[in-house]
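Visitor: Could you show me how to read the strands, sheets and cores of a protein model?
Guide: Gladly; let us look at it together.

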Amino acid sequence: MIKYGPKINLSTQLDMQFVGFDVDGTLVTDNTDQLPCRAFGAQVARACRKGVRIGIIGARGFNKTEHILRFMQQSAGKPGLMRYHGLANGALIYDAVTDTFVQKHVIPREAAVMITQYLRGVNVFHWVHELRGKDSVDFAWIGASGEATKTEAYGVPKDMWVGNAPSNQYEPTAYEPQESLVIVADGLSLSAYEKLLSIVDGYEAYGLKAVVYKTDEVADTRQVFVLNEKANKGDALATIAALYGIDAAHCAVVGDGGNDKDRFRVSVEADGLALAMGNAKPDLKALATHILPRQDDDGANSGLRYILENYTTAN
């Protein structure tokens, strides 16, 4: 069952021309190599017959999204309507027709070198989401005290579908920042966080920012993301709309996580649609025009069908 959300505007007549989907917790279960259900593929084909563009705007990199993009392209049969996608939390805009990134928002190399050097020096567990060719690779700090200056003390997860944690299994490798998309520092004390902020502030002119993603109030530590301020799903949505030459008022977004709030705001402020999954966080549902069933109840499929039946005018 689909319900109205708090941001619904019943007086607006909407004609959706683009629908952007999150991946984890929306199209598939978190951190799996699953494909969306076949019924969703049928709705993608239906959308393309109506001239509605479909895209991914998710946190995953290309290597974790490629199989889903291929599934959707095969379902659609019209590459031009499945052309642009926001990957790596919006840091990358991927053009599926030319098989290239048409936009990258990366951390300046000098800043990445300084930040990772500092985090090694204070022996804080961290990882860097790094672009290597088209793939996004996590390099995690696996060094111990006494090895803090060794860039060789990093590792790549042996299973890319398992989240980063000190207890995970990693393949040791040398690492030097090249095209860093995000640096995640986990377990920062207040003093370490303040020092990190001072480093980041030195690169403010380059659009660098530090965001506290979550806190541990008992341990008084925080997990901090360092990234380009343009690396977010809201900017990715605006960029994709511009590339297609359509207004944000004709865009619908579907998602479940806290990192979807930016694109929900962009869509709602333009009088577009923002559909939250039933398993979405409460603060995201507060920004939604509609609440869908949960991911494991095929909420994304229900949402796309609902949009095509109620919010498109194309034949």
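The conversation below takes up hairpins, then a sheet, then the cores.

Visitor: What should I know about the model before starting?
Guide: This is a predicted model, in which local features need pLDDT of at least 70 and side-chain atom pairs count only at pLDDT 80 or more, while totals for chains, interfaces and linings use all residues. Residues are numbered from 1 along each chain as its sequence is written, and side-chain values use heavy atoms, with hydrogens and water left out.

Visitor: In which sense do β4 and β5 pair?
Guide: Strands of a sheet pair through backbone hydrogen bonds, either parallel or antiparallel. Strands here are DSSP runs (E, at least two residues; helices are H or I, at least four), numbered from the N terminus, and two strands pair if DSSP finds at least two bridges between them. Strand β4 (residues 84-87) and β5 are antiparallel, with 4 bridges, and G86 sits opposite I93 of β5. The hairpin they form has 4 residues between the strands, and A88 in its turn has a positive phi of about 50 degrees.

Visitor: Are the faces of β5 covered or open?
Guide: Both are covered: L92 and Y94 on one side, and I93 and D95 on the other, are all buried (under 20% relative accessible area with a 1.4 Å probe, protein chains only; exposed is over 50%, partly exposed in between).

Visitor: Which order do the 7 strands of the open sheet take?
Guide: The order is β10-β9-β8-β7-β11-β13-β12, with antiparallel pairing. β10 (170-173) and β12 (208-216) stand at the edges with a single partner strand each, so one side of each has no neighbour in the sheet. β12 pairs with β13 (residues 221-228) over 8 bridges, where D216 stands opposite T221.

Visitor: Which residues have the most contacts inside the largest nonpolar core?
Guide: In soluble globular proteins, nonpolar side chains tend to be buried together. A nonpolar core is a set of buried Ala, Val, Leu, Ile, Met, Phe, Trp, Tyr and Cys residues joined through side-chain atoms within 4.5 Å. The largest has 50 residues, and V19, F21, F40 and I54 have the most contacts inside it. Helix α2 (residues 62-76) gives the most to this core, with 6 residues. Apart from it lies another core of 27 residues, among them I115, V128, Y193 and Y203.
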